[in-house]
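Thanks for coming. I'll show the structure first and then go through a few parts of it, with the sequence beside it.

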Amino acid sequence: MAVSVAAEWSELYNRFYRKQEIYTMCWQNVDLNRHKVACSNFGGPIAIIRDDSKIVQLRSESARAKLMIYTSSGVLIKSYIWDRPGGRLVNLGWTADEVLLVLMQDGTVYRYNIHGELAQKKFSFGKEVWDQGVAECIIWGTGLVCLTEANQLWAVTNLEDPQPIKLADPHLEEPPHCMAIVEPQFTVSGNLEVLLAVGTSVLVVDADGVHDHNLLIGPLQKMTVSPNGTFVACFTHDGRLLVVSIDFSKTLVDFDTQSGLPPEQLVWCGLDALLLYWEETLMMVGPYGDSVRYPYDEALFLIPECDGVRILSNTYMEFLELLSEATVSIFKIGSTTPAAMLYDALDHFDKRSSKADENIRLIMSSLPEAVKACIDAAGHEFDISQQRTLMRAAAYGRAFCSQFPRNKFKDMCRTLRVLNAVRRFEIGIPLTVQQLEVLTPQVLIARLVNQHRHLLAFRISDHLGLGQETVLIHWACTKIAAASDVPDNLLLEMLVEKLKECPMISYAVVAANAHRKGRRKLAAMLLDYEPRSSEQVPLLTSMGEEERALVKAIESGDTDLVYFTIFHIWSQKPTQEFFRIIQTRPLARDLFIVYARESEPELLKTFYVSGGQPQCCAELFLRESWNSGQSITVRQGSALQGPRVKLIEQAAELYSQTKDNSFEAKAAEEHAKLLKVQQDLEAATGQPIFVDSSISDTIRTCITLGNNRAAQRIRTDFKVPDKRFYWLKIFALATIKNWEALEKFSKEKKPPVGYKPFVEACIEEDEKDEALKYIVKLSDPQERAEAYEKLGMSAEAANAAAQTKESEILGRLKAFGQNSPAGALFDSLRDRLSLPGVS
Amino acid sequence: MAQIPSLDHAPINLVALREQAQKELIQVLSSVRGKKVLILDPKLSGPLALIAQPTLLKENGVENLYHLSADPVPSECKNVLYLVRPRIALMKLISSQITQDNIQKLQKSHTLVFCPRRTIVCEKVLEEEGILNNVTILEYPLHFIPFDEDVLSLELDTAFKETKVDGDLSAIWYLARAITLLQSQFGVIPNIKGKGKAAVQVADILTRMQREQNPDTTAAAVTPEIDTMILIDRQVDLVTPMCWQLTYEGLIDEFLTLSNGAVELDPSIMGITQPGVKKAKVPLNSSDKLYRELRDLNFGVVGQVLRNKATSMKQDYNEVTGGGPQHQSVSELKDFVKKLNALPELTRHTNIAQHLSTYTTKSKFLTRLSIEQTLVEGQSYDISFEYVEEMIHRQEPLTSVLRLLVLLSLTSGGLQKKHFDYLRREFLHAYGFEHLFTLSNLEKAGLLRKQEAKNSWQNIKRGLKLVVEDQDDANPTDVSYVFSGYAPLSIRLVQQALKGGWKAVDDLLKLLPGQSFDKKQGVTPDHGVPSREGSVREGSVTSDSAPAVDGRRAVVLVVFIGGVTFAEISALRFLGAQEGMKYDFVVATTKLINGTTLLKSMVEEG
């Protein structure tokens, strides 16, 4: 530590900036001057291609340009000869998902992944752009906008579904001096806005219109919008750098750069400094007009990050950042902040000097903040030994604080391990703590797997306690793509060995991928490992494995899944084939029947016929006949039952085809016969009261209407047993109070039902005298007793009861029924209390 | 009077279960912004009343509530929210309403919430009706509804018929899903026993769901609060629901119909004579202290209990009035007033009991009971046959006849050949030919059959001691008191499962339909590497080893697949209250039923 860390800092007004080398680029013979360069932020990859708009000397290279993709440390990922049609390559740039967009002169956009493979289909800006040709283009994280040679603006703002939108026509004769964009997330309207420097003013163009700010500050040679979309940095024709608010109403900085030429690059460094690059000079301008110059003897490319700027040259990757407060407080020359004291104390401690203790005593009261500062500062270091020293200082200080939150220390160690791992030049992602926070670990992991850094991604997810499923699944899919020559069994083994690390991993997703890659057998084998039927089944059906899908769905017991498969097969296969598949599987068959009964009765009939089940078919005919009966809601006079009778007869015929259904066949025959009889009765009486009542009801109705002949005929036609007929007639006669006929009936012969029904019928109609006629004829004294009791003749009841022997069971149950009511007692109590609102 | 039962004393935390359901209901309601009209599946309104207070709807922007019907929605409100079960018929009603709105260009926004989940079938119907793209579809995953401290029901009213007659096993899956969710809250239940086909099916799906779940995050991590689950397929014991329930609660259900924890009473029953008073809904659950005491008693002793209460109150009254104020201390008066608080409950139950006794004292009822008893005892087939025949001839109410007919068939090992066709024919003649399907449904469900093999009822009855003589219903020592002498077969199975296991009665179990099983599930000892082959292993019988070391009573979840009667629940409560019993019972079921409602689901209405 001979030289102070702070010696290399630059001070702009009251802030300190540090520019440090991160990598010495591994690439060789790359001259940025000759190339178009696109660099993804958050330490992402670099894409370069020879810039054919410049006159360059071809040394020993091919005349055809190569597109090359490197990591930030200059390790070549992919290089290949650029042979896409479309004319001049206008621009290239990375999206937030690390997809490289390449815009051609004719408006075609190619999309490449980091491996130089076409990631998605190319798209085009359309005929108008094709006709006019693209002059200029700006690419940002989620879209791109291009300016045609005819000064029209087109934009694509959703790369998932690239629909070119034509922005309002700015009506320009000449191309603008320069253009810049305000990304949609920063505008009031939520739409993309393009700033065009025209004349001395600036036009704001969006899809709906053009707004002229009517300024006199121009002509502007260069504009850049700040990372948060609130300021614009402009370089004027007379060499001044202006920082104005986004609506151009306020000027915050006006700095004379003393340069007549506009800078080649103008980028924001954080939110309060700007970097201007001319050949051989890099100038930084701070918020209060201070500036620093850094001389360079080679070409540079500036990459803005959320917390600084990466400076790429042919030899180095450097990082220029605003220093954190913690770092400044520790390393600023002559600093006596607690953090600096603590850092110093560690130094003394290592030298076994007692000053260590003195230092600690001095800062005892503010020790926690000192520890925190050391931890924070460690996070901002790229140098691992410096990180370690700072963390040790923090650990040393923490030993003297009783209540420092433990997690802070642990979390920083964890973060630093991740950062150091990805910063290694082999990986080449020079992230800072702040960038990682903005990017989120999940996105970092996704970026790593995209680069096929699966093991690292897996370990990082493990280390940070994130789910490893996505990494494993991506790995498996990549493996399948890469191992096209490995036999299915072997590959399956390799995949499963790794995938089983995660118990709940979705094998279905991997299988789907294998299926897309044309490896059906592998897909099927992988699916067997999938525990969730809901995942298996849809894939199996889409793979054309309908029967297996059905088996799996049935196994799951989830009827919804079974229906899903049934409907799928139904729509895909010929009907007979569909029938065959479900016929042998009870759950599928039954569910189909349940659905079809309500929604597809005709199809169901075909199904039964093809399955040789006439009896089930008969059921459908019966249902149809009843349903049609119900649909005739208002019957005028007597509706014709012919069609219904026909349906029922058809059912009877179908029933009689199988031996086991003779009972049903007979019933259906009788049913048809009954309907005919009832129709005739309705015609004869002119009353719509017979159809759809039962045989018993029909007899009863006939008797109440006094039509004994009809009743008799039904009795014989349908072989109604005597007993039933007696019950019906007795009660029917009692309802119409035809006591005379009833008595006559009782004397026709000894009633097969005894006299009890007579008694009951009379009691029901409250005819005590009539009832008494029959009570005396009752043979069972018990019955007699009960009948008397019902009539309230307790003496006679007791008399009769004396002659009975109560059955044992009845006696037991009597106790149950005789609930002597507590009510009486209770009522009196309630009355006397007469509590309002109680009852 | 809150219809929502207090669940504070539940053996497992059912309050959390209900709160979850409330939260999800609010979520569903608030998914539609602003004022809305709610159109409710009529079958869901009862269960919802057990989940949330009616005010909750208003608080979440529901302006009006209608039951779903064929009529158009009589509301101007632009936001229409449907809350329905996934049924084809309901989809057609909704479709016609929405189509109506669209024709009139009312520009309403329609949201369709399925309870408990959306289904492919319903979506297909909506698609065919052309409205699938006009509605937003959501789910309200309401599964078990707590009916009381120890009763959970899915309220799938056709579950038994669908599984046994149609072969539609949706209810089985819903039940397994509900149990899985229960397990994710209360831990994986270590012991599972089951009897019957549906029990096997549920257990299979449970195993599968267990396997599909992430072992790290869910049930496995929770210490099991439920020790044992006993799955019983209703088909194993169809005799019990056919018998007339003789507990207080059971009788209320049989005569007055208990639905969703409440009974609708005619004002005349409650002693209100002025006209114009509408039927009152009276909630009956354990929040009513007196009901809690009475519900599980044999009705024969209910009167006595009520009388004692009334007498004691009268004595107190006499002391208060007769002794004069100078002899009363303030605290004595306070005690009396406290007792008076119980007065409305006492009035209510006296009225209900009195009303019930008008039925129970009828000789017709007693005769029927005696026939039931005769059948269960397996005596005198002929008398019973004639009785059923006469009922058909008299055209007594359909389900009432069927109940006895089914009981006759079940206890006689089927109807004698000559009677089988004869009674079926008489039945069709008396009630109409459309009941051809009713009969065939009964046959498919095993409720009615022709005598073929030997009748095993006698063996089952004797082996499991289903008929208990000389039972004192007032001081019962056995569960048979709930049917005055008949011990429900299902409850005997539960008793056997907990005492000595089912292995001991293997021969008897074989006489009943379906397989029986007894297995253990849970975390494998080598924690962290869950076996893909499934975490369920065949285990030995748990016997009646002490279930909990710390003296806590173990919770036993008894699941009745296809429905449970109140009498059975009472019997389990009685068991749980026995001295030396180490278990608390919680009953879960697809539906609270009685014989009549069970058979109604079998009846085809033309």
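Strand 6 of chain A, residues 76–81, is hardly covered: the count of buried residues among its 6 residues is 0. Keep in mind that this is a predicted model.

What does strand 6 of chain A pair with? Its partner is strand 5 of chain A, residues 66–70; the two run antiparallel and are joined by 5 bridges. To find the pairing on the screen, look for A:Tyr70, which stands opposite A:Leu76 in strand 6 of chain A. The two strands form a hairpin with 5 residues between them. In that hairpin A:Gly74 has a positive phi, near 90°.

Staying in chain A, go to helix 14, residues 520–527. Which residues of this helix are buried? They are A:Leu522, A:Ala523, A:Met525, A:Leu526 and A:Leu527. What do those buried residues pack against? Three helices of chain A: helix 12 (488–499), helix 13 (507–516) and helix 15 (533–542).

Now chain B, taken as a whole. It has 24 helices and 16 strands. Along the principal axes, its C-alpha atoms fill a box of roughly 75 × 70 × 65 Å. Of the 606 residues, 48% count as buried. If we take the contacts in chain B with a separation of 6 or more, 78% of them are between residues 24 or more positions apart.

How is chain B divided? Domain 1 covers 14–142, domain 2 is made of 146–239 and 479–600, and domain 3 covers 248–360. Where domain 1 touches domain 2, the contact takes 8 residues from domain 1 of chain B and 7 residues from domain 2 of chain B. On the domain 1 side, the elements that give two or more residues are helix 1 (14–30) and helix 2 (42–51) of chain B. Helix 1 of chain B gives the most, with 4 residues. By type, the residues on that side of domain 1 are 6 nonpolar, no polar and 2 charged.

One last item, from a record. An unreviewed UniProt entry annotates residues 554–575 of chain B as "transmembrane region". What does the model have over that span? Residues 554–575 of chain B are 45% helix and 36% strand. The end C-alpha atoms of the span lie 13 Å apart.

That is my last slide.

Key: Residues are numbered from 1 along each chain as its sequence is written. Chains are lettered from A and ligands numbered from 1 in the order in which they are written. This is a predicted model: local features need pLDDT of at least 70, side-chain atom pairs count only at pLDDT 80 or more; totals for chains, interfaces and linings use all residues. Domain bounds come from an automatic or database domain assignment. Two residues are in contact if their C-beta atoms, placed from the backbone, lie within 7 Å. Ala, Val, Leu, Ile, Met, Phe, Trp, Tyr, Cys and Pro count as nonpolar, Asp, Glu, Lys and Arg as charged, and the others, Gly among them, as polar. A residue is buried if 20 or more other C-beta atoms lie within 10 Å of its own, exposed if 12 or fewer, and partly exposed in between; C-beta atoms are placed from the backbone. UniProt positions are given in the numbering used here, feature names are shortened, and annotations may be inferred rather than shown by experiment. Two strands pair if DSSP finds at least two bridges between them.
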